[in-house]
Amino acid sequence: MEQKSNITLIGMPGAGKSTAGIVLAKVLGYRFIDSDLEIQETYGALLHELIQRYGNEKFLEMENRVNAAVSPQRSVIATGGSAVYGKEAMEHFRDISVVVYLRLTYENLILRLGDLKERGVIMKPGQTLQDIIKERQPLYEHYAHVTIDADGLDIRGIVETIVNEVKEAVS
């Protein structure tokens, strides 16, 4: 794997991307960027408000645009779970960073997630969490340079695993 100066975390909501990302950034001496917060700051509203106001498709375009414009150095980027729907953004993340997929089983996601709508999760009418996982998992696997099975790992374990997996590829 070629040298990259960033690490981008992808995965389902509740997988620990933001929490692990903050700790990982501290361990590596990197900056931390939460792409959901970047979207909220850019558009001046919370994620679930943006989804309600503009609908899923428009929100995904907004998310893709913001993510494709992120160009940091020596940063850990935690993406929203729906970032993988943005082809331009994901190709950009693959170019500028080592993309790490934090994978959790359905059972563990259920334990970690609260109200999906309140979290700003993109859902079609009638769609279940299992439907979302089935739809997104192939995308996460496609874009990831590295996949970490996060089941049974606490935040420290996730961070240590990421560091061990990417240390050669991060400059």
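Select isoleucine 10 and then tyrosine 101 in β4: the two stand opposite each other. Here β1 and β4 run parallel and are joined by 4 bridges. The model is predicted: local features need pLDDT of at least 70, side-chain atom pairs count only at pLDDT 80 or more, and totals for chains, interfaces and linings use all residues. Residues are numbered from 1 along each chain as its sequence is written, and side-chain values use heavy atoms, with hydrogens and water left out.

Next, show the strands (DSSP runs of E, at least two residues, numbered from the N terminus). An open sheet of 5 strands has the order β2-β3-β1-β4-β5, with parallel pairing; two strands pair if DSSP finds at least two bridges between them. At the edges are β2 (31–34) and β5, each pairing on one side only.

Now select Ile10, Met90, Val100, Ile162 and Val166. These have the most contacts inside the largest nonpolar core, which has 43 residues. Such a core is a set of buried (under 20% relative accessible area, 1.4 Å probe, protein chains only) Ala, Val, Leu, Ile, Met, Phe, Trp, Tyr and Cys residues joined through side-chain atoms within 4.5 Å. Elements giving two or more residues to this core include β1 (6–10) and α7 (155–166). A second, separate core of 10 residues includes Leu50, Ile51, Val66 and Ile122.

Finally, select helix α3, residues 47–69. What is at glycine 55? There α3 bends by about 115°, the angle between axes fitted to the seven residues ending there and the seven starting there. Among the buried residues of α3 are Phe59 and Met62.

Definitions and conventions: The expected span of a helix is 1.5 Å times one less than its number of residues. Buried means under 20% relative accessible area, exposed over 50%, partly exposed in between (1.4 Å probe, protein chains only).
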